[in-house]
Amino acid sequence: MGDREEQGEGHVASSEREDSNPEAETPIAFNNQNEILRAIEVVERDSLAIAQSFTSLFASLRLALSQSTTASLHHIQCFTDATGRLQESVLDAATKGNRYINSCLRLNEEMKNIDGLASQLKILRRHVDVMDSAVNKLLHIS
């Protein structure tokens, strides 16, 4: 992922820009790219934490269930312990899952603002093209 960030994914090479139609969309420079990257990092970190929670959960269950081989008081105690660990792990995973969802929602909100920025950049480009044409006409007249 780091390689993509450094390469500026979504940017068009200068030779490709020169060959393309001037009315075509230009790449968007995100003003809040750091916020988007931070949100993506939080999502990745939370995803890893959720995976680790489930790994821990299954390891706890495997250990608890392997130790309980008879239907004795020891077996019931292990089952109770496994249930307690399962409850803790599920609560932990649910908390991390909620953080993950909230991070995704924040990222979605950040991405909504990009459409408005793209429209503004298109309008600005048209204005610059009009001014460029006007300057060229003035220079050719004089």
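Predicted model: local features only at pLDDT ≥ 70, side-chain atom pairs only at ≥ 80, totals over all residues.
I started with the order of elements: from the N terminus on, the protein runs α-α-α-α. That makes four helices and zero strands, where helices (H or I, at least four residues) and strands (E, at least two) are DSSP runs numbered from the N terminus.

Residues are numbered from 1 along each chain as its sequence is written, and side-chain values use heavy atoms, leaving out hydrogens and water.

Next I looked at contacts (heavy atoms within 4.5 Å). Of those between residues at least 6 apart in sequence, 78% join residues at least 24 apart.

Then I checked burial: 19% of the 142 residues count as buried. Buried means under 20% relative accessible area, exposed over 50%, partly exposed in between (1.4 Å probe, protein chains only). C78 is buried at 7%, while C104 is partly exposed at 29%. I found zero disulfides, counting pairs of cysteine sulfur atoms within 2.5 Å.

Last, the surface. The protein exposes about 11,100 Å², and carbon and sulfur atoms supply 56% of that; the areas come from the Shrake-Rupley method with a 1.4 Å probe, and for residues only the protein chains shown count as cover.

Which residues form a nonpolar patch on the surface? I got Y100, I101 and L105, with about 260 Å² of accessible area together. L105 sits in helix α4 (residues 73-141) and is partly exposed at 48% relative accessibility.

How values were computed: Patch = residues over 30% accessible without salt bridge, like charges linked within 9 Å, V, L, I, M, F, W, Y side chains within 5 Å. Salt bridge = Lys/Arg side-chain N within 4 Å of Asp/Glu carboxyl O.
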